[in-house]
Amino acid sequence: LTERIDNAFSHGPVAAFAGAVGCESRASSGPRPLVEGSTVPGFSVSRAVYGQELILQGRHRFSSYALIFRLEPLGPERTRLRAETRAAFPGFAGGTYRLLVITTGGHVVAVRKLLTDVKRRCETPLSSTP
């Protein structure tokens, strides 16, 4: 999960977007894999409990928000990953931003892509090294 998040948020358009909207965290920093205090563009890690929970929080001109990931063991070699988003969009500018990002479905598409990427990575067997 942390590898996929680090990869998804640290490259390309996400980093550019984080700068354009004035995110507090605009670059990747801190220890890897992600731990409390690490950052990726748009987010800082406020809680990281390996195998249980990862909470990313952020703020920019139009919103303050959190992405919460919870992992639930389902048995040997099976885990359910749940994603939850929380956000506040203060003022007229925040409401306009919410309209553009949330009601258009853009946020849902981005989160689903991230979850699909995590699933694909987890289901791909690791290559053996001689």
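Is Glu72 buried, partly exposed or exposed, and what is its relative accessible area? Glu72 is partly exposed, at 30% relative accessible area, where buried means under 20%, exposed over 50% and partly exposed in between (1.4 Å probe, protein chains only).

The model is predicted, so local features need pLDDT of at least 70 and side-chain atom pairs count only at pLDDT 80 or more, while totals for chains, interfaces and linings use all residues. Residues are numbered from 1 along each chain as its sequence is written, and side-chain values use heavy atoms, with hydrogens and water left out.

The structure holds 13 salt bridges, a salt bridge being a side-chain nitrogen of Lys or Arg within 4 Å of a carboxyl oxygen of Asp or Glu. One of them joins Glu72 to Arg82, with the closest N and O atoms 3.4 Å apart. This pair links distant parts of the chain, 10 residues apart: Glu72 lies in strand β4 (residues 63-75) and Arg82 in strand β5 (residues 78-88). Helices (H or I, at least four residues) and strands (E, at least two) are DSSP runs, numbered from the N terminus. Arg82 is partly exposed at 46% relative accessibility.

Another salt bridge is formed by the side chains of Asp6 and Arg32, at 2.7 Å from N to O. Asp6 is buried at 18% relative accessible area, whereas Arg32 is partly exposed at 34%.

Arg86 and Glu84 also form a salt bridge, their closest N and O atoms being 2.6 Å apart. Salt bridges with shared partners join Glu3, Arg4, Asp117, Arg120 and Arg121 into one network.
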